Each structure stands twice: as C-alpha cells, then as structure tokens.
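Hi,

Here is the structure I promised to pass on. My notes follow below it.

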Amino acid sequence: MESPASFTGGEAYQKDFDPTVYLKTYYSFSSSHCQGNEILELNLRSLFKIFTSRGVKGDTLIDIGSGPTIYQLLSACENFKEIIASDYTDRNRQELEKWLNNEPGAFDWTPVVKYVCELEGDREKWAEKEDKLRKKVKQVLKCDVSKSNILAPVSLPQADCLLSTLCLEAACKDLNSYRAALKNISSLLKPGGHLVMVIVLKETYYMVGQRRFSCLYLEQESVEEALREAGYDVQCVEVTPNRPESTFSDFEAVLSLVACKRPA
C-alpha cells in the first residue's frame, strides 16, 4: 500500500497533470482491442444501466471532479435538464471547455459517443447526442473536495444527483480525508437525491506519461461504510475485477454504485 508520503496532492495535479496525455492514454477508443477500451466500455455500460434502468433522473446533476472527460455524462445527459461540471485543475477545465465549445484541437470523443448511442439503441444519433450534451452543461467550475464548500466561491442550490467517477480516491490521501470529502460533496445534494460513483478498488497509483499519481487504496467495505457514515443508503453496487495487464495502474477492480441521501 502506498504511504501518504508519496501522496500527489492538488499542487502536483495543477503543475504536472497533462490532460492531453491522460486522454490519449486512457480514452483513445480504438477498434483494436486494448485494456483501456475494456475498462472504458465497462464504465460506459455501468453508467448506461444506472441512468436508464435505475431511474436516476431530475433537474440538475453536478459532476464532481470531471477531469478533462465527458464519457461519464453521455448517458446522464438524457435524464437531466442541466449539468454542472467541475474540476480542480485549470488545464482540465480548459480541455473540457474546448470540447464543449467545439474548438479545433479538442479531443475526439466520437467513437465513445457512438458506443453509448449503440447501447441506447441508435448508433446514428451520435451527433445529436454531442449537441445535447454541449447544450446541457451549463457551467464548468473549480472544485476542491477537501473544502466544506467544494465549489467556493460559487454556491449552488442542492442538486438532484451527484456524479463522481475516479475522483475521490485520487484526491484523498487517507481514509479520514476520504470520509471528509464524501461529507463535503454531500452538502451539494438534496435529501432523497442520488449519488452515483465509479471507483477503482485497491489501486495505489496510475501513470500519466512519465508522471506517477497516487491513489488511495480502497476496499469495497470501507467505501460502503464511509457512505453510510456520510448519510447514504447504498441502493446498488456492481464490482468488476480487472485483468492485471496494464502498466499504467495497479487497480484490482472497478466498483459502480448508486446511493440515496437519507433525509436529514
């Protein structure tokens, strides 16, 4: 297990996290088989199931720690009127804005969008889906999950749904800060609202180019316990083991879950 001494905090992300290298490494969705594809497909299918058959819907969804990616919002955008994206680093937010504004040089998400449209039953709708998502993302905000108001100085009305994929385990150096971060993000959610998470289990690091970033080693039990303690009832959990072929990271499984915030 990784020691907190090698924890890569916010400053390391701001300085060294290169969104273009990250996107190329993990999200180049090619027709040829590669491990990155497998994990991405898995996450897309999990989110598709959550947003289609679990009835997670409402007016507003806040995505916590969006990074430079949009894949996590593709199924969600069918069920919400507006989406707020957020990330800690300036470059990730700029990369996201670049795609949202359809600027030249933005990452090409088309193969991923087509895959989700195929799951939803119509591969040909991909251009409409891109358009829909661009219209629904209303803001891209700075967020810091270690603060009690994670979007300060902005304050938003409580949302119907919070989404967080591969964020908290990278942002927190130990279980105490993980529990605190869950409580911090929770203040943005209405009682009765849903928290949707995709989490890597038992990972200690992942690579972006030559730069190694730390990850909090999490087990399913400690995640569920932290959620209960933060005031959630876990409604469904799916765990998929990873086949350890990658040199980019050492996670053992992916966990996706839906939890409901208990009324105060």
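Some ground rules. This is a predicted model, so local features need pLDDT of at least 70, side-chain atom pairs count only at pLDDT 80 or more, and totals for chains, interfaces and linings use all residues. Residues are numbered from 1 along each chain as its sequence is written, and side-chain values use heavy atoms, with hydrogens and water left out.

**Confidence**

Contact means heavy atoms within 4.5 Å.

**Overall build**

The chain has nine helices and nine strands. These are DSSP runs, numbered from the N terminus: helices are H or I with at least four residues, strands are E with at least two. The radius of gyration is 17 Å, close to the 18 Å that the globule rule gives for 264 residues, so the chain is as compact as a globular protein of that length. That radius is taken over C-alpha atoms, and the rule is 2.2 Å times the number of residues to the power 0.38. The C-alpha atoms fill a box of roughly 45 × 45 × 35 Å along the principal axes.

Of the 264 residues, 52% are buried. Take the contacts between residues at least 6 apart in sequence: 73% of them join residues at least 24 apart. Accessible surface comes to about 11900 Å², and carbon and sulfur atoms own 49% of that. Areas come from the Shrake-Rupley method with a 1.4 Å probe; for residues, only the protein chains shown count as cover.

On charge, there are 32 positive and 38 negative side chains. The centres of the two sets lie 3 Å apart. Lys and Arg count as positive, Asp and Glu as negative; His and the chain ends are not counted. Each charge is placed at NZ of Lys, CZ of Arg, CG of Asp or CD of Glu.

**Backbone points**

Asn 102 sits in the loop between H4 and helix H5 (110–119). Its phi is near 60°, a positive value in a residue other than glycine. Leu 166 also has a positive phi, near 55°. Leu 166 is in the loop between S4 and helix H7 (168–171) and is partly exposed at 27%.

There is a cis peptide bond between Ala 152 and Pro 153, with omega about 5°. Pro 153 lies in the loop between strand S3 (137–142) and S4.

**Buried residues**

Tyr 71 is in the loop between S1 and strand S2 (80–87). Tyr 71 is buried, with a relative accessible area of 3%. Beyond its neighbours within four places in sequence, its contacts include Tyr 27, Leu 40, Trp 109 and Leu 166. Tyr 71 and Val 116 are 45 residues apart in sequence, and their C-alpha atoms are 8.7 Å apart.

Ser 164 lies in strand S4 (residues 159–165) and is buried at 2%. Leaving aside neighbours within four places, Ser 164 touches Asp 63, Ile 64, Val 196, Met 197 and Val 198.

Thr 60 belongs to strand S1 (residues 58–63). Thr 60 is buried too, at 17% relative accessibility.

**Partly exposed glutamates**

Glu 97 is in helix H4 (residues 90–100) and is partly exposed, at 31%. Outside four places in sequence, Glu 97 is in contact with Glu 103 and Val 140.

Glu 252 is in the loop between strand S8 (232–241) and strand S9 (253–261). Glu 252 is partly exposed, with a relative accessible area of 43%. Outside four places in sequence, Glu 252 is in contact with Leu 201, Lys 202, Pro 241 and Asn 242.

Best wishes

Definitions and conventions
Buried < 20%, exposed > 50% of the residue type's maximum accessible area, 1.4 Å probe, protein only.
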